[in-house]
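Please open the model in your viewer, with the sequence panel alongside, and follow the stops below in order. Each stop says what to select and then what is to be found there.

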Amino acid sequence: MDVSKKALEYHAAGLNCAQSVLAALSKYTRLDEKTAISVAAGFGGGMCSGEMCGSISGAIMAVGLAFPTKKAGDAQAKARANKLTKKCVTEASCKYGCVRCRELKKNSVSCDEMIAYMACTAEAIIKD
């Protein structure tokens, strides 16, 4: 199943945006559904404060898990994580003009649109 459809199914079932994106990308993260849902629980609604969109946070978590840091002090892994995180944020910012939940909603960008977009974006970054 397409990751955007899977993410939207999770959202329709009542999960927040971060949970939906992270759980949908489980084949890349190796997280079981219960763990993904638990880890991302506090990231919906811009961390419950309208800040960074939860779907972007979920995508960043998924990308980080797909390319894990194996040990403390691994400068190469840190640089890769920073680069991939910036790519997630930049992709969303370029498409929507902002990354904050409250701004996206003010601009009439739906949660479903962000969830589908960020699930696909994270998958593309992981595959690239």
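Predicted model: local features only at pLDDT ≥ 70, side-chain atom pairs only at ≥ 80, totals over all residues.

Residues are numbered from 1 along each chain as its sequence is written, and side-chain values use heavy atoms, with hydrogens and water left out.

**Helix α2**

Now select residues 17-24, which make up helix α2; helices here are DSSP runs (H or I, at least four residues), numbered from the N terminus. Eight of the eight residues of α2 are buried, where buried means under 20% relative accessible area, exposed means over 50%, and partly exposed lies in between (1.4 Å probe, protein chains only). The buried residues of this helix pack against α1 (3-12), α3 (26-29), α4 (33-39), α5 (44-50), α6 (54-66) and α9 (111-127).

**The nonpolar core**

Next, select Leu22, Leu25, Ile56, Val63, Leu104, Met114 and Met118, the residues with the most contacts inside the largest nonpolar core, which has 38 residues. Such a core is a set of buried Ala, Val, Leu, Ile, Met, Phe, Trp, Tyr and Cys residues joined through side-chain atoms within 4.5 Å. The elements that give two or more residues to this core are α1, α2, α6, α7 (75-96) and α9, and α9 gives the most, with eight residues. Centre the view on Val63: leaving aside its neighbours within four places in sequence, Val63 is in contact (heavy atoms within 4.5 Å) with Leu84, Cys88, Ala122, Ile125 and Ile126.

**The aromatic pair**

The structure holds one aromatic pair, a term that covers rings of Phe, Tyr and Trp (its six-membered ring) whose centres lie within 6.5 Å, with planes under 30 degrees apart counted as stacked, over 60 as edge-to-face and the rest as tilted. Select Tyr96 and Tyr117, whose ring centres are 5.6 Å apart and whose planes stand at 85°, so the pair is edge-to-face. Tyr96 belongs to helix α7 and Tyr117 to helix α9, 21 residues apart, and the pair thus links distant parts of the chain. Tyr96 is buried, with a relative accessible area of 13%.

**The salt bridges**

Finally, turn to the charged side chains, among which a search of the whole structure finds five salt bridges, each being a side-chain nitrogen of Lys or Arg within 4 Å of a carboxyl oxygen of Asp or Glu. Select Glu51 and Arg100, whose closest N and O atoms are 2.8 Å apart; Glu51 lies in the loop between α5 and α6 and Arg100 in the loop between α7 and α8 (101-106), so the pair ties together parts that are 49 residues apart in sequence. With Glu103 included, Glu51, Arg100 and Arg102 are linked in a network of salt bridges.
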